[in-house]
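Open the model in your viewer and keep the selection tool at hand. The tour moves from stop to stop.

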Amino acid sequence: MNQTNLYERIVKNTETPVFVYWQKRLEINLDKIFQAANRHMKGRVIEVAVPYFTNSNPHLFSIIKQKGCSIVVQTVEEWHQLDAHALTDNLIASPTVLPEQDMMFFMSKNVPINLASIDDVVWQINHFPVHPLFVRFDISVDSAQRMGIKIGEVDKLKQILNRYNTKLKGIHIYVGTFSKLDKIIRLTSTILDLVSREFPDIEVINLGGGFSYNYDKALNQHFDWDTYFEMLAQKIKLHGISPNTKFVIEPGRDVLADVGELILSSHHVFWNSQKTIGQIFTDGSYVYMPSATIRSRQHQLMFLSSQFEELTDRSAMGRINGCTTLSSDFVLPMFVEIPSNITPDCFVVVKDIGAYGATQHMEFLNKKPCPEVLVASNNYPYLITARGREDDKIRYLLTNPIRI
Ligand SMILES: Cc1ncc(COP(=O)(O)O)c(C=O)c1O
């Protein structure tokens, strides 16, 4: 079955709006990272840990786990959601500064926490002295990240470790969302320099996530993993990092963005008098994918006729409207190119919404959450989340996928 046939089958079964995920794409994205790592980091253990909150659907994380990745959690709720799908055996907690009961919970479940403050380090040493210690450093230029042990606190941290006669097993950093390669290179140097000077015996270096992804391009959207691992291998050599040190990365967007799409139905198109600017009214809303609006982000679109034929013309401009009363309810925050032959009953497919999409559904404006469909590697579509009920606003994850 080709792609448009699949869209037709999914829409006929679930109606719209509906999120669709493609297993093959997810597997290709992970393979690309592993292959680039193998090319440049021979003999070195590289762990890919994908943050659960970037998509939050355990059915996708079950595939991610089967590919050999671990999963990053940041709240106790996430542990429970994953536990309901037997996915808790290889987790890393990369959270903020946590309340004591949450730290207690993760420690009791043997989930290592990248501790985000000196207070948390002291707490863990006192309460779980034999658990390995991991810390998160804020290595931003102005030490302005919301959490993480600051570079100016390294001496204090070392004194505490000495006092308790213990040492760090690993360190974690987060370079910041949408980081371009030049910033990542700079911060990689900073952290490897710090490790070689202050913590040469460290066993794990977790370089976090934040790898850039080009939403506004149709091609070459992905992070350049080859250049990245080539750079990392060079810096590891330069800083004399032990061959036994394991490296972890936590990519979210690059792994999941182009795995997901949101299919909307349009029901009206209003044109200006010259028929150059159209207002397309859909059953979507910005609340289904608020991150595009929050981040002023453009997405690639595909238009399908009511018969699911692709409309390739883009000679007009227009807005994709949501279906609530909010005057700013546009699915995408800017004008987009649209077909001049668009009809009121077409479909709009928003691309690249597998990360920070359905998981960010907002309750504001009372729209019921969308169903989610996974197109498995064998090309069969499976319903993995049912549509939210009319009278409630909860995402209805299915325990067992239903083939549609
Ligand atoms: C600790 C941590 N790891 C990984 C990520 C994923 O980042 P991205 O999706 O930009 O790769 C985030 C995102 O905020 C994060 O906070």
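**Stop one: the ligand**

Select Tyr-174: an N or O atom of its side chain is 3.2 Å from an oxygen atom of the ligand, a polar contact being a pair of N or O atoms within 3.5 Å. This is a predicted model, in which local features need pLDDT of at least 70, side-chain atom pairs count only at pLDDT 80 or more, and totals for chains, interfaces and linings use all residues. Residues are numbered from 1 along each chain as its sequence is written, and side-chain values use heavy atoms, with hydrogens and water left out.

Next, pick Glu-250. A polar atom of its side chain lies 2.7 Å from a nitrogen atom of the ligand. Then take Gly-252, where a polar backbone atom is 2.9 Å from a ligand oxygen. On its own the ligand has 400 Å² of accessible area, and the protein covers 91% of that (Shrake-Rupley method, 1.4 Å probe).

Now show the whole shell. It holds 15 residues; Gly-210, Glu-250, Gly-252, Arg-253 and Tyr-356 are the closest (a heavy atom within 4 Å counts as near). By class, six are nonpolar, six polar and three charged, with Gly counted as polar.

**Stop two: a salt bridge**

Select Arg-25 and Asp-258. They form a salt bridge, with the closest N and O atoms 3.8 Å apart (a side-chain nitrogen of Lys or Arg within 4 Å of a carboxyl oxygen of Asp or Glu). Arg-25 is in helix H2 (residues 23–40), while Asp-258 is in the loop between helix H10 (253–256) and strand S11 (260–271), 233 residues apart. Helices (at least four residues) and strands (at least two) are DSSP runs. The count of salt bridges comes to 15.

Most residues other than glycine have a negative phi, and most peptide bonds are trans. Go to Pro-17, in the loop between helix H1 (3–14) and strand S1 (18–22). The peptide bond from Thr-16 to Pro-17 is cis, with omega near -5°. Finish at Ser-143, whose phi is positive, near 50°.

Notes. A polar contact is a pair of N or O atoms within 3.5 Å; within protein, one must be able to donate a hydrogen and the other to accept it, and residues adjacent in sequence count only if both atoms are side-chain atoms.
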